[in-house]
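User: I have a model open and would like to go through its contacts with you. Could you take my questions as they come?

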Amino acid sequence: MPDTDREKALVELLDSTTASVRAADELEPAARAALEAVCKLTGWPLGHLCVPAGSTDGFVSSGIWVGAAEEFPGLREVTARTVFTSGAGIVGRVAATGEPVWSHDVNRDPNFVRAHQGADLGVGAAFAFPVMAADGVVAVLEFFSTRTVPPDAPLMRVMANLGHQLGRVVDRRRAREALEASRARTEQMIETSIEAFIAMDSAGRIIGWNAAAEHMFGIPCGEALGRILADTIIPPRYRTAHRDGLNRFLTTGRPKVLNRRFEITAQRPDGTEFPIELAIWPIRDQDQWLFNAFLHDITDRRRAEEALRAAYEQEQATVTRLKELDQAKNDFIATVSHELRTPLTAISGYLEMLLEGDAGPVPASQQRMLNAMAGGAARLHHLVEELLTANTIDTGKLLITPEPVHVRAVIDRALQSTAELAQRHRHTIDVHLDDDVGHVHASPPGATVTVHASTAGRTTSISVTDTGVGIPAEELPLVFDRFYRTRLATEQAVQGIGLGLTIARSIAEAHGGTITATSTLGEGSTFTLTLPTDSRT
């Protein structure tokens with residue numbers, strides 16, 4: 001055949017085969033068509049398809065032979081039992097290199113392994129070319145002649161091109177399978193989703209309805225498909241807006257409620273309505289728009305929100321009531337304390353007159369009774385003053401006007417006011433003042449009490465330390481709480497109602513200071529008052 005005619009024939013082969021390949025959905029029919037076309041063009045009597053072995057590495061016969069297969073029983077038998085590993089035989093070389101291979105005399109070609117297995121193959125020459133998919137060689141086409149034939153470079157170039165065309169069939173099939181698998185997974189996820197899934201076409205008809213939608217609306221999928229969505233699940237008052245929105249999107253392409261979540265009301269076939277959270281997104285399918293939506297019934301959430309709102313309102317009402325009760329308590333304490341103060345003042349005054357003899361001599365036996373009465377009146381008077389002070393603090397009426405006061409003077413006044421009490425309980429009080437202590441901005445029996453004052457930076461601290469029984473660690477954080485009394489104070493009948501430290505802390509904080517406590521059980525306690533140092537000293 002003249003060169004020009006052969007080149008024309010090769011082009012026609014490539015064109016015709018390419019057209020067949022493009023129309024094919026599977027590799028085997030496309031490969032069979034290619035085998036037949038090449039055998040017809042070359043005049044070679046036999047063509048064969050090899051495919052991956054599957055469970056092992058290498059390639060094996062697919063069983064597809066084209067041409068006079070019955071004239072080559074030995075070749076077919078040997079090929080059927082051979083696994084062409086990478087690089088072994090012309091099939092293995094093609095698989096390894098991805099390039100066509102030509103053996104012009106198979107009987108003298110050491111790489112044509114089938115010619116050396118003791119069988120009469122009836123073959124003189126052979127060539128093979130790969131089917132190239134995106135991930136490499138997926139098949140090998142081989143051809144056989146009964147005579148020796150030198151390599152045909154133009155034919156091999158055309159075969160290489162044809163191999164890429166055949167590879168596209170495999171790529172398309174794999175892409176189709178991947179798409180179908182993905183679609184199946186998506187459909188399974190949608191079908192098993194706990195949220196209702198509904199799909200609608202551009203005409204407003206239902207085309208998707210999963211099991212959750214069946215449960216939510218009580219309509220089987222078979223009955224729902226094909227219905228008009230608006231008439232099926234949308235309350236009548238919203239249907240016009242739904243249709244207007246759909247028409248607007250189809251006309252302008254501008255969404256209003258698409259691609260976002262929002263809350264709306266849905267309707268069941270019996271007319272009952274319930275709140276849902278809805279998310280809709282459009283997809284383009286060929287020449288029309290489709291609309292997918294997930295619906296979530298939020299009835300329980302709404303009920304929970306309403307219950308939470310009601311609980312909050314009840315809590316606010318309770319808080320208001322507690323404030324009213326607290327105010328009533330404060331008013332009661334203030335009233336009672338003021339009413340007690342006047343008679344107590346009179347009682348204390350008359351007792352003082354009797355004890356001092358202003359009303360005449362008092363017998364020794366009555367003197368003891370009068371002393372007991374005076375002590376009780378003083379204790380009661382101290383209690384009333386504590387209650388009044390605590391009430392003043394609660395109502396925000398504690399007004400402080402700070403002025404420079406020397407720490408030594410403050411401590412001296414405190415010692416004077418507690419001297420009688422300390423003497424009565426045989427307390428020894430040691431006072432230690434650091435040399436740099438100046439002005440601040442401020443308005444158990446037999447034990448030693450130490451008072452120490454020191455200045456650090458812009459604050460002055462006055463610490464009072466005793467060597468008494470101490471305070472248990474678990475009770476120490478509570479000692480400044482109102483009406484709190486430690487277990488030891490209760491057991492040992494120590495006088496007081498638990499307001500002193502509360503009042504002391506409030507007064508310290510009103511001066512811009514703090515008061516803290518530390519204690520070791522069985523060793524004693526330390527209370528530290530810290531106040532801002534006067535900047536003018």
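User: Let's start with D201: buried or exposed?
Analyst: In this model, which is predicted, D201 counts as buried, because its relative accessibility is 6%, and buried means under 20%.

User: And which side chain does D201 meet in a salt bridge?
Analyst: The partner of D201 is R205, and the N to O distance in this salt bridge is 3.1 Å. R205 itself counts as partly exposed, at 39% relative accessibility.

User: How many salt bridges are there by this rule?
Analyst: The count comes to 19 salt bridges. One of them joins R108 to D105, with the closest N and O atoms 3.8 Å apart; here R108 counts as exposed at 73% relative accessibility, whereas D105 counts as buried at 15%.

User: What about E277, which residue does it meet?
Analyst: E277 forms a salt bridge with R301, at 3.7 Å from N to O. This pair links distant parts of the chain, since E277 lies in strand 9 (residues 273–285) and R301 in helix 10 (residues 299–355), 24 residues apart. E277 counts as buried at 17% relative accessibility, and R301 counts as partly exposed at 33%.

User: Which residues are linked with those two in a network of salt bridges?
Analyst: The network that holds E277 and R301 also takes in E195, R261, E263, R302 and E305.

User: Switching to rings, how many aromatic pairs does the rule give?
Analyst: The count comes to 13 aromatic pairs. In one of these, the rings of W44 and F127 have centres 5.1 Å apart and planes at 70°, and the pair is therefore edge-to-face, as planes over 60 degrees apart count that way.

User: Where do W44 and F127 lie in the chain?
Analyst: W44 is in the loop between helix 2 (27–42) and strand 1, while F127 is in strand 4 (residues 125–133), so the pair ties together parts that are 83 residues apart in sequence. W44 counts as buried at 7% relative accessibility, and F127 is buried too, with a relative accessible area of 1%.

User: OK, and what is the geometry of the F249 and W289 pair?
Analyst: F249 and W289 are edge-to-face as well, at 5.0 Å centre to centre with 70° between the planes. The two are 40 residues apart, F249 in helix 9 (residues 236–252) and W289 in strand 10 (residues 288–297). F249 counts as buried at 6% relative accessibility, but W289 counts as partly exposed at 26%.

User: Back to W44: which residues do ring pairs link into a cluster with W44?
Analyst: The cluster consists of W44, W102, F127, F129 and F143, linked by ring pairs.

User: Which ring does the charged end of R268 sit over?
Analyst: The charged end of R268 is placed over the ring of F274, 3.9 Å from the ring centre.

User: Last topic, the open sheet: what is its strand order?
Analyst: The open sheet has 5 strands in the order 2-1-5-4-3, and the pairing is antiparallel. Its edge strands are strand 2 (59–67) and strand 3 (101–103), each of which pairs on one side only, and the twist averages 20° from one strand to the next.

User: How many bridges pair strand 1 with strand 2?
Analyst: Strand 1 (residues 46–52) pairs with strand 2 over 6 bridges, in the antiparallel sense; L46, for instance, has G67 in strand 2 as its bridge partner.

Terms used:
Residues are numbered from 1 along each chain as its sequence is written. This is a predicted model: local features need pLDDT of at least 70, side-chain atom pairs count only at pLDDT 80 or more; totals for chains, interfaces and linings use all residues. Side-chain values use heavy atoms; hydrogens and water are left out. Two strands pair if DSSP finds at least two bridges between them. Helices (H or I, at least four residues) and strands (E, at least two) are DSSP runs, numbered from the N terminus. Axes are lines fitted to C-alpha atoms, for helices over the stretch in contact, and angles run from 0 to 180 degrees between N-to-C directions. Rings of Phe, Tyr and Trp (its six-membered ring) pair if their centres lie within 6.5 Å; planes under 30 degrees apart count as stacked, over 60 as edge-to-face and the rest as tilted. Buried means under 20% relative accessible area, exposed over 50%, partly exposed in between (1.4 Å probe, protein chains only). A charge sits over a ring if NZ of Lys or CZ of Arg is within 6 Å of the ring centre and within 35 degrees of the ring normal. A salt bridge is a side-chain nitrogen of Lys or Arg within 4 Å of a carboxyl oxygen of Asp or Glu.
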